[in-house]
Amino acid sequence: MARETGFPKADVENDFLRARRRQVLANLGHRLAREPDDVNMILPFNEVVAALGMEGERYLGQQTIHLDTIVGTVDSHRDFDRRFRPTSTRVRERWERLALAQRRGEPIPPIDVYRIGDIHFVRDGHHRVSIALATGRSTIDAYVTEVKTTVSAAGIQRRGDLLMKSYERIFIDRKSVV
């Protein structure tokens, strides 16, 4: 949760440093637990769609979505981890500028996401998602485009799960040909 000092610039600097520290500690924890490297990696949208088989998409409009359903990204997968904590200081300037604007009450536009089943992939708004999570929010406004796939996204926890989903899609595709 964001701590208030009364100095917005200092508060957003502290929020960013806290988010970075949490990312470093989470990464260390995963290594010490000898978990697979992809446990904390953000899921790449294109790989998920390739594994599940895209059938179509439709625009659903603006909705409020839960931040814990956002597991992936269309791009920028190197800038944030699975929980949208910054993986380097490269994003710091933009992150702090947006967080400061938000603290000052400036309107923040909705993010843009793809929805596959119950999970979401950020198309635009990575920093806004990161800030929302770092400041303890549980929901965010988003423009949602639903992607229909051959295979359900249920059960995808990490990148390694995509191989089994890909095999399932191939099986379904071959079964429908026969």
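Me: What is the strand order in the open sheet of 6 strands?
Reply: Quick caveat: this is a predicted model, where local features need pLDDT of at least 70, side-chain atom pairs count only at pLDDT 80 or more, and totals for chains, interfaces and linings use all residues. Residues are numbered from 1 along each chain as its sequence is written, and side-chain values use heavy atoms, leaving out hydrogens and water. Strands here are DSSP E runs of at least two residues, helices H or I runs of at least four, numbered from the N terminus, and two strands pair if DSSP finds at least two bridges between them. Pairing in the sheet is mixed, and the order reads β1-β3-β5-β4-β6-β2.

Me: Which strands are the edge strands?
Reply: Look for strands that pair on one side only. β1 joins β3 through 2 bridges, running parallel, with Leu43 opposite Gly72. The edges are β1 (43–44) and β2 (54–66).

Me: Which residue of β5 is the bridge partner of Thr73?
Reply: β3 (residues 70–73) and β5 (residues 119–124) run parallel, joined by 3 bridges. Ile70 stands opposite His120. For Thr73, the partner is Val122.

Me: Which residues touch the most other members of the largest nonpolar core?
Reply: A nonpolar core is a set of buried Ala, Val, Leu, Ile, Met, Phe, Trp, Tyr and Cys residues joined through side-chain atoms within 4.5 Å, with buried meaning under 20% relative accessible area (1.4 Å probe, protein chains only). This core has 24 residues, and α1 (8–32) and α4 (126–134) are among the elements supplying at least two each. The top ones are Ile65, Ile70, Ile111, Val129 and Ile140.

Key. Buried < 20%, exposed > 50% of the residue type's maximum accessible area, 1.4 Å probe, protein only.
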